[in-house]
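Here is a walk through one protein model. Keep the coordinates open as you read.

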Amino acid sequence: AVRVYTSPASVRLLREDGFYDRLERAGARLEKSFAAAAKKAGKKVTVQRVGSMMTPYFREGAVRRWEDAAQSDTAAFGRWHSAMLENGVHWPPAQFEAGFLSAAHDEDVLAVTEAAFEASLASV
């Protein structure tokens, strides 16, 4: 059997009123700002999001199955990812992985991520 240990502080945080609502709002904010930045830059990017998990796919149209995801421009994602690192944001390194938001992603971190996303699109 696998045992998962969670600290009492983590459990208290997860039980706070509005905790998951805050994650949902943060996820929706990034999804909206990523999509707006891509549109402004004229880049083909689809942001797929569920709650606080999201992935920008470098392609047009919704990603609903593997065949959709496989049509993504992984080379563009790689250039974008390198630029994100240069802009101080550590996004998951593969096109087919999701980024996860947490309680540590406050207003300042979200603003830095939005700015890095927009700036990094120039590399695509």
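By class, how many nonpolar, polar and charged residues does the lining of the largest pocket have? Nine are nonpolar, four are polar and none is charged. Note that this is a predicted model.

Stay with that pocket. Its volume is about 170 Å³. The lining of the largest pocket counts 13 residues. Nearest the centre lie Val89, His90, Trp91, Phe100 and His105. Two elements, β3 (99-100) and α5 (107-120), each give the lining at least two residues. Helix α5 provides the largest share, with four residues.

Now turn to helix α4, residues 74-86. At 1.5 Å a residue, its 13 residues should span 18 Å. The end C-alpha atoms of α4 are 18 Å apart, so expectation and model agree. Which residues of α4 are buried? They are Ala76, Phe77, Trp80, His81, Ala83 and Met84, where buried means under 20% relative accessible area. These residues cover an arc of only 165° around the axis, and therefore sit on the same side of α4. An α-helix has 3.6 residues a turn, so residues three or four places apart point the same way.

Last, the hairpin. Strand β1 covers residues 46-50 and strand β2 residues 53-57. In which sense do β1 and β2 pair? The pairing is antiparallel, over five bridges. Two residues lie between the strands of the hairpin. There, Gly51 takes a positive phi near 60°.

Terms used
Residues numbered from 1 in each chain as written. Predicted model: local features only at pLDDT ≥ 70, side-chain atom pairs only at ≥ 80, totals over all residues. Heavy atoms only, no water. 1 Å grid on protein atoms, 1.4 Å probe; cavity = no way out; pocket = protein on both sides within 12 Å on 5 of 7 lines; lining within 4 Å. Points joined across faces, edges and corners; volume = space filled by probe spheres on them. Nonpolar A, V, L, I, M, F, W, Y, C, P; charged D, E, K, R; others polar. Pairing = 2+ DSSP bridges. Expected span 1.5 Å × (residues − 1). Buried < 20%, exposed > 50% of the residue type's maximum accessible area, 1.4 Å probe, protein only. Arc of directions from axis to C-beta.
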